[in-house]
Amino acid sequence: MQAVLIVLPIFLIIAMGWGLRQRNFFSSSTLKENNALLYCFAMPAILIRGILGAESEIPNAGVFTLAVCAPYLITVVIVWILARRGEPIERFAALSLASIRGNHFFAGLPIVGLAMGEAGVAAGSLILAFSLAFMQFLSIGSGQLALFGALSLESFKKTAVQLLKNPLFMSCVLALGLVFMDLNRLPPWLDMTLKMLADIGTGLALLMLGGKINLQDVRHAFFTTWKLLSFKLVVHPIVTYAVLTSFGLSTTLVQAGTLLAAMPEAVNTTIISQEMGMDSDYCALGTTASVLVSMITIPIWLHLLGAIR
């Protein structure tokens, strides 16, 4: 019951965002502008403060990188082995793309923060800093391989350029650089500035996430995307927990990493799948269905992990 109460505020705010959007309280342009604000300022501030404030020590950056990246690769391999048969090429490509792309920033870090406090946000930020680029390349490469039977160097170049323009990725690079240079103690005035920016992120991000949910034909979404829901909300977290535990990472890192893996499908997956010629309608249905099903699965994961502070 405590796990349910932990995430209840999250989903109430998401529901509020959906309701406000239905009543035209904010428009499509408002969604776009607020998302840009979150993407460029609030979320980078959360990541920078989280990484610089992380208490978990990383004795070997290479081993840690392997630990936090391996679950993505293992999950994709499992998807290819178990889910390929009987699926149209465009749909399987979308499934392969979406199976490891979670809503880490608009849902993941807020939920981890509510459940585990600042220590959880710091651990989650650290994991994302070391795995974000790999996840981007792997998900797009896997989807592309499923769609065309080959990998395109041009596509990887485009992904690399997009990463270099991505404020979330670049804030991770900046924070890690400061950590490795032993400059992770910010001046109080700068830390407070980042904190004030970060504080606007959680509620606004959840409202915007709710505003993007489309509840039309929900039953069809569940039945159509059950494979995606299984891999994204069940298989991937199990794999992540097993791998992080086997590498001997701290309890906080294991809990935060597993919770991030259990997040619903990332909203931008639909846009990426559309640009690459995949089944974008499938991804759009998956976004809605995974948010709704995660209302059940996330409390279960919180309870199983004991990730409640």
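**Aromatic pairs, salt bridges and pockets in the predicted model**

With a relative accessibility of 3%, Phe 92 counts as buried, the classes being buried under 20% relative accessible area, exposed over 50% and partly exposed in between, for a 1.4 Å probe and protein chains only. The structure is a predicted model, in which local features need pLDDT of at least 70 and side-chain atom pairs count only at pLDDT 80 or more, whereas totals for chains, interfaces and linings use all residues. Residues are numbered from 1 along each chain as its sequence is written, and side-chain values use heavy atoms, with hydrogens and water left out.

The mean pLDDT of the protein (the predictor's confidence in each residue, from 0 to 100) is 88, and 98% of the residues reach 70 or more. Among the helices (DSSP runs of H or I with at least four residues, as strands are runs of E with at least two, numbered from the N terminus), H6 has the lowest confidence in the protein, at a mean of 80, while the highest value, 97, belongs to H11.

The count of aromatic pairs comes to two, where rings of Phe, Tyr and Trp (its six-membered ring) pair if their centres lie within 6.5 Å, with planes under 30 degrees apart taken as stacked, over 60 as edge-to-face and the rest as tilted.

Side chains of opposite charge can pair when their charged atoms come close. Four salt bridges are found in the whole structure, each defined by a side-chain nitrogen of Lys or Arg within 4 Å of a carboxyl oxygen of Asp or Glu. Lys 227 forms one of them with Glu 87, the closest N and O atoms being 3.0 Å apart; Lys 227 lies in helix H11 (residues 226–246) and Glu 87 in the loop between H3 and H4, and the pair links distant parts of the chain, 140 residues apart. Here Lys 227 is buried, at 15% relative accessibility, whereas Glu 87 is partly exposed, with a relative accessible area of 22%. A further salt bridge pairs Asp 279 with Arg 91, whose closest N and O atoms are 3.3 Å apart. Asp 279 sits in the loop between H13 and helix H14 (280–305) and Arg 91 in helix H4, so parts that are 188 residues apart in sequence are tied together. Asp 279 is buried, with a relative accessible area of 19%, and Arg 91 is partly exposed, at 25%. Within helix H8, Lys 195 and Asp 199 meet through their side chains in a salt bridge with an N to O distance of 3.1 Å; being four residues apart, the two are separated by about one helical turn. Lys 195 is partly exposed, with a relative accessible area of 29%.

The largest pocket has a volume of about 1,000 Å³, a volume being the space filled by probe spheres set on grid points that are joined across faces, edges and corners. Its lining comprises 33 residues, of which Tyr 39, Arg 101, Asn 166, Asn 268 and Ile 272 lie nearest the centre. Two or more lining residues come from each of helices H2 (28–52), H5 (104–148), H6 (153–164) and H13 (269–275), and H5 gives the most, with nine. By class, this lining has 15 nonpolar, twelve polar and six charged residues, with Ala, Val, Leu, Ile, Met, Phe, Trp, Tyr, Cys and Pro counted as nonpolar, Asp, Glu, Lys and Arg as charged, and the others, Gly among them, as polar.

The second largest pocket holds about 690 Å³ of space and is lined by 25 residues, with Ile 46, Arg 49, Gly 50, Glu 118 and Val 121 nearest its centre. The elements giving two or more residues to this lining are H2, H5 and helix H8 (188–199), and the largest share, nine residues, comes from H5. The lining of the second largest pocket contains twelve nonpolar, six polar and seven charged residues.

Conventions:
1 Å grid on protein atoms, 1.4 Å probe; cavity = no way out; pocket = protein on both sides within 12 Å on 5 of 7 lines; lining within 4 Å.
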